[in-house]
Amino acid sequence: MIKICIADNHPVVIQGIKSFFSTNSTVEVVASATNFEELSNSLQSKAVNILVLDIELNGISSIRDIKSIIKENPDTKIILFTAVSEKMYAPTAIKAGVSAYLLKTNPLKELEMAILKVNQGIVIFSEAVKRNIDLLNKGKKTDRLYKKLSSREVEVLRYLNDGKKNKEIAEILTLDEKTISTYKLRLLAKLNVTNLVDLLTKAKSLDII
């Protein structure tokens, strides 16, 4: 049996996945968590082959938290199952060591197939992720610049989009406020805009946030 853990803010999502796999002869849900602390405890107490994780899980503030999970649980592969825009996050997540990135708009049957493939050591994307990455790779030279956003810059961009101030973002990411200002300036330069409103508008038009 492939033993999986589901980590998601919403109990209804967890229950839906549990129900889907309840009669499955290959995949067994052995643990679940609705926040980062519960997840850490579950991974310590249970032998988990694959973690099905929402990147927006309560308590996860950055991609570094996911890297930490991977480092502390080397035998557990991670599938990100999320609604977060994949155009920028999928490449970043795969680079961090995640085995698959699936959108929640996909049917659970696709999640099942991903679990089976990832258990065999295959790194996969959903078809939507592949299409968006291919489009980005085939884009104009100026468009390809957005591929060069670091994972930290993307995180700062997301928090700015949520309406958070530099000081709040600094506290969440445990960074200096001046560092956040530096990331913000880099984002303005890389997206070729001069103010926050235009930055967020352009990021949305590119499906980065």
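User: At about what angle does helix α2 run to β2?
Analyst: In this predicted model, local features need pLDDT of at least 70 and side-chain atom pairs count only at pLDDT 80 or more, while totals for chains, interfaces and linings use all residues. Residues are numbered from 1 along each chain as its sequence is written, and side-chain values use heavy atoms, with hydrogens and water left out. Helix α2 (residues 36-45) lies across β1 (2-7), β2 and β3 (50-53), where helices (H or I, at least four residues) and strands (E, at least two) are DSSP runs numbered from the N terminus. With axes fitted to C-alpha atoms, for helices over the stretch in contact (heavy atoms within 4.5 Å), and angles between N-to-C directions running from 0 to 180 degrees, α2 runs relative to β2 at about 135°.

User: How wide an arc do the buried residues of α2 cover around the axis?
Analyst: Leu39, Ser42 and Leu43 are the buried residues of α2, buried meaning under 20% relative accessible area and exposed over 50%, with partly exposed in between (1.4 Å probe, protein chains only). On the other side of α2, Glu37, Gln44 and Ser45 are exposed.

User: Which are the edge strands of the open sheet?
Analyst: The sheet has 6 strands with parallel pairing, in the order β2-β1-β3-β4-β5-β6, and two strands pair if DSSP finds at least two bridges between them. At one end of this order, 2 bridges join β5 (residues 100-103) to β6. The strands that pair on one side only are β2 (27-33) and β6 (124-125).

User: Which residue's side chain makes a polar contact with the side chain of Thr82?
Analyst: Thr82, which has its place in strand β4, is buried, with a relative accessible area of 0%. A polar contact is a pair of N or O atoms within 3.5 Å; within protein, one must be able to donate a hydrogen and the other to accept it, and residues adjacent in sequence count only if both atoms are side-chain atoms. At 2.9 Å, the partner of Thr82 is Asp54.
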